[in-house]
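Subject: Structure for you to look at

Hello,

Here is the structure I promised to pass on. Please open it beside this email and follow along.

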Amino acid sequence: MNDELYVLPLVVRIERATPPERTDALEAAAMAVLGLLDDPGEWAAELHAWQSTGKIRKVVRRARGAEWRRAVALPGRTVAHRTAEVRVHPPVPLDGWPRDLARLQVGGTELTDAHEPPPAVPPVLWANPGLEMTAGKAMAQAGHAAQLAWWASDAAGRAAWREAGLTVSVRTAPARDDFDAMAAAGLPVVRDAGFTEIEPGSCTFVADAPWLRGRVTRS
């Protein structure tokens, strides 16, 4: 196992006049992570170093204007999803961020949904309705859920997902009982490390898709 801690940088574009919808930003973050996992391209070594730590830490920062243009100039990929733009960069050591990313703010991601999201289409990443998270925190957690779902998918599941464009739906579970039932049903569950905002060990997201049912050992 690699002893050096790596993180995956995600940057969400939040312009003052045109902030993205919260749901769009969460889905874009998850899709950005999935795209990198499916096809790391020239960043295969960085992806391996990140995953070999046994952790999948992600940090979401926000950018606008010139900040966003500088982020786009760095190596990475941008996912444009409805009202949201999220850029994923290759994993970096915890203390080795590129300067133009390190200077971006983590706070200020209090996004909301001004409109009802469209009907959910599997895979669905269900958020715990009993937890409050900023959009930035929730984006990272949705990215974790997508990654756990990818790892839990077999070749046929991944192929179907890839054929659908590696899309996801992110929604809040209708009730805590519904969330707890899914978390106990052998589906991929995100348990937060507790670095920010919420208590360590909190279950934040459950990933659900037909091909994921029963593939994760119940704990």
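Where does Arg-82 lie? Arg-82 sits in the loop that runs between strand 3 and strand 4 (84-88). Before going on, keep in mind that this is a predicted model.

Now look at His-81. This residue belongs to strand 3 (residues 77-81). His-81 counts as buried, because its relative accessibility is 12% and the cut-off for buried is under 20%. The side chains of His-81 and Arg-82 make a polar contact at 3.5 Å. Leaving out residues up to four places away in sequence, His-81 also touches Asp-24, Glu-27, Ala-28 and Met-31.

**The cores**

Next, the inside of the protein. In soluble globular proteins, nonpolar side chains tend to be buried together. Here, the largest nonpolar core has 59 residues. Val-86, Leu-125, Met-139, Val-168 and Phe-205 have the most contacts inside it. Which element gives the largest share of this core? Helix 1 (residues 22-38) does, with 11 residues.

There is also a second, separate core. It has 10 residues, including Val-59, Trp-68, Trp-97 and Leu-104.

What does Val-168 touch, not counting residues up to four places away in sequence? The list is Glu-27, Ala-30, Met-31, Leu-34, Pro-123, Leu-125 and Trp-161.

**Two backbone details**

The peptide bond from Pro-122 to Pro-123 is cis, with omega near 0°. Pro-123 is placed in the loop between helix 4 (99-102) and strand 6 (124-127).

Leu-166 is the other detail. Its phi is positive, about 55°, although it is not a glycine. You will find Leu-166 in the loop between helix 6 and strand 7. Is Leu-166 buried or exposed? Leu-166 is buried, because its relative accessibility is 8%.

Rolling a probe the size of a water molecule over the atoms shows where empty space is left. The largest pocket holds about 540 Å³ of space. It is lined by 23 residues. Closest to its centre are Arg-57, Lys-58, Gln-141, His-144 and Asp-192. Strand 2 (58-63), helix 5 (135-152) and strand 8 (189-191) each supply at least two lining residues. Helix 5 gives the largest share, six residues. By class, the lining has 10 nonpolar, six polar and seven charged residues.

How much space lies in the second largest pocket? About 250 Å³. Its lining is made of 15 residues. Nearest its centre lie Arg-22, Leu-26, Ala-127, Arg-171 and Thr-172. Helix 1 and strand 7 (169-172) each supply at least two residues of this lining. By class, there are eight nonpolar, three polar and four charged residues.

**Two long-range pairs**

Arg-162 is in helix 6 (residues 155-163). Arg-162 counts as partly exposed, because its relative accessibility is 41%. Arg-162 and Asp-38 are 124 residues apart along the chain, yet their C-alpha atoms are separated by 8.3 Å. Their side chains make a polar contact at 2.9 Å. Leaving aside neighbours within four places in sequence, Arg-162 is in contact with Asp-38 and Trp-150.

Thr-18 gives the second pair. Thr-18 is in the loop between strand 1 (6-13) and helix 1. It is exposed, because its relative accessible area is 55% and the cut-off for exposed is over 50%. Which separation do the C-alpha atoms of Thr-18 and Thr-83 have? It is 8.6 Å, for residues that are 65 places apart along the chain.

Best wishes

Technical notes
Residues are numbered from 1 along each chain as its sequence is written. This is a predicted model: local features need pLDDT of at least 70, side-chain atom pairs count only at pLDDT 80 or more; totals for chains, interfaces and linings use all residues. Side-chain values use heavy atoms; hydrogens and water are left out. A nonpolar core is a set of buried Ala, Val, Leu, Ile, Met, Phe, Trp, Tyr and Cys residues joined through side-chain atoms within 4.5 Å. Buried means under 20% relative accessible area, exposed over 50%, partly exposed in between (1.4 Å probe, protein chains only). Helices (H or I, at least four residues) and strands (E, at least two) are DSSP runs, numbered from the N terminus. Contact means heavy atoms within 4.5 Å. A polar contact is a pair of N or O atoms within 3.5 Å; within protein, one must be able to donate a hydrogen and the other to accept it, and residues adjacent in sequence count only if both atoms are side-chain atoms. On a 1 Å grid over the protein atoms alone, a cavity is a set of points where a 1.4 Å probe fits but cannot get out, and a pocket is an open set with protein on both sides within 12 Å along at least five of seven lines; lining residues have an atom within 4 Å of a point. Grid points are joined across faces, edges and corners, and a volume is the space filled by probe spheres set on the points. Ala, Val, Leu, Ile, Met, Phe, Trp, Tyr, Cys and Pro count as nonpolar, Asp, Glu, Lys and Arg as charged, and the others, Gly among them, as polar.
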